[in-house]
Number of protein chains: 2
Amino acid sequence: MAAAASPPAAALEQLSKTKMFGGHNLRFRHQSAALGCPMTFSLFLPASPASKLPVLYWLSGLTCTDENFIIKSGAQRAAAAHGVALVAPDTSPRGLNVEGEADSWDFGVGAGFYLNATNEKWKNWRMYDYVVKELPKVLSDNFEQLNTSCASIFGHSMGGHGALTIYLKNTDKYKEYDATLLVKKCNTLSTPILVDQGEDDKFLAEQLLAGNFEEACKAAGAPLTLRMQPGYDHSFFFIATFIDDHIAHHAQFLKSG
Amino acid sequence: MAAAASPPAAALEQLSKTKMFGGHNLRFRHQSAALGCPMTFSLFLPASPASKLPVLYWLSGLTCTDENFIIKSGAQRAAAAHGVALVAPDTSPRGLNVEGEADSWDFGVGAGFYLNATNEKWKNWRMYDYVVKELPKVLSDNFEQLNTSCASIFGHSMGGHGALTIYLKNTDKYKEYDATLLVKKCNTLSTPILVDQGEDDKFLAEQLLAGNFEEACKAAGAPLTLRMQPGYDHSFFFIATFIDDHIAHHAQFLKSG
């Protein structure tokens, strides 16, 4: 790690380091200024890069921490092959003891939705700022082997939607993404979007609405590849099956950038 | 599923079915006669086989259930590619409420060691009989797409040792294996053994003793490929990194058998 001259690098506590596919899974804790609490994140670094590594952010779905994707997806294989670093943040602030924060699986703890909350009670829920501003700074301050200006973002479920909204609001920062919803206001997209959707996903009909996203992309002229996958559900088994295609998809833009 | 004429097929309760890499992860519960309690096992079936599928048994390590390997290893990718079914049993009887059965992480529940216990108190701990006799029968009675006479066995940690001992006692039943210990009594092995061992595995020096196994193989003339892997530990990240090599290793013998 290399400390930047000014401002001082955020203090990172390394929680674990495990070798995998020639690289390493690293896990850190740090005090988040945006969220006002300690946060953990996971980072997969491929082995000894010849040049600085581009960064691919993974945003997880409801109830996940930074660990689920690292443990279950098998994404490190393709990340190592393509020479791309994977960054997996947690999905919300934790430990703040806000009343009712853990009452629902889809609101509060484990459910930050990658947005900045406007209700005073939820003032710490600023996952948008955390992912878009604070975390990239933490990375660039601490890891000289990363090129955080060459970044891309993807995710699953709540995180797929989060990746899409973050990309659409920051088309200068992220080269590519894939997700499930909301492209209507955007008519300047030239890079293709890749979305895989399990046909047996129990959330598809009422919540994910991939068809609506497809319509919006058509209306906005955004290039979308929506792959409906027969028999697949919403699980990490589905993610693991198609993760290589998505990493290859992002890698082609990160390499040419 | 096809019921055998006689004796009647063991009743299998399907707990889950999830598509992955074109095949399916299936999970079942059944009443085990050998263990005297309900047992769960996981089965990965590659997509629509042209011929009957050979069976590759995975024996897990201490504290695992039948699910850890299925969730964390990513082995389904290679199993689908090679057309091999994966079977992952649980690691011990459960729910028997034997006094002290859960007092230790390495004895009792989650720690069956794939042997038949001789102490009366632990009379239900007959994982050897369960894995070698009962489970193959359950599979052949219920899955006509499986060729259980074309089988192989491998595993990790307690399960690596279990796979080795089971193979050495049943060289007619299992075509190949990999593991960590005990080959001294055997001098008729012709098929090569593949063992991967992380050099940073915290159990290596005092418990796993890969060097002893290597010596024993040399003395018995057993062909061993022991790969010491620098930087790797005992975790599923280690397993996931090398699982493809092991499935390919077993598949070559299952195909020629």
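Hi everyone, let me begin with a term: helices (H or I, at least four residues) and strands (E, at least two) are DSSP runs, numbered from the N terminus. With that in hand, A:Thr18 belongs to strand 1 of chain A, residues 13-20.

Some housekeeping before we go on. This is a predicted model, where local features need pLDDT of at least 70, side-chain atom pairs count only at pLDDT 80 or more, and totals for chains, interfaces and linings use all residues. Residues are numbered from 1 along each chain as its sequence is written, chains are lettered from A and ligands numbered from 1 in the order in which they are written, and side-chain values use heavy atoms, with hydrogens and water left out.

Back to A:Thr18. Is A:Thr18 buried or exposed? A:Thr18 is buried, with a relative accessible area of 10%; buried means under 20%, exposed over 50%, and partly exposed in between, using a 1.4 Å probe and protein chains only. Leaving aside residues up to four places away in sequence, A:Thr18 touches A:Gly23, A:His24 and A:Asn25, and also B:Asp233, B:Ser235 and B:Phe237. A contact here means heavy atoms within 4.5 Å.

That brings us to how the two chains meet. The contact takes 21 residues from chain A and 21 residues from chain B. For chain A, 100% of the interface residues are also interface residues in chain B, so the copies meet through the same surface. Between them the chains bury about 1,800 Å², 58% of it on carbon and sulfur atoms. Buried area is the accessible area (1.4 Å probe) that two parts lose on being put together, summed over both. Of the area that chain A buries against chain B, A:Lys19, A:Arg77 and A:Phe237 supply 36%, more than any other three residues.

How many salt bridges cross the interface of chain A and chain B? The rule finds 2, where a salt bridge is a side-chain nitrogen of Lys or Arg within 4 Å of a carboxyl oxygen of Asp or Glu. In a salt bridge, the side chains of A:Asp244 and B:Arg77 meet at 2.7 Å, N to O.

Now for the symmetry. Two copies of a chain are related by a rotation about an axis and a shift along it.

Next, the active site. An unreviewed UniProt entry places the feature "active site" at A:Ser157, A:Asp201 and A:His234. They span 78 residues in sequence, yet no two of their C-alpha atoms are more than 10.6 Å apart, so they gather at one spot. UniProt positions are given in the numbering used here, feature names are shortened, and annotations may be inferred rather than shown by experiment. A:Ser157 sits in the loop between strand 6 (146-155) and helix 4 (158-169) of chain A. A:His234 is in the loop between strand 9 (224-229) and helix 7 (236-256) of chain A, and A:His234 is buried at 17% relative accessible area.
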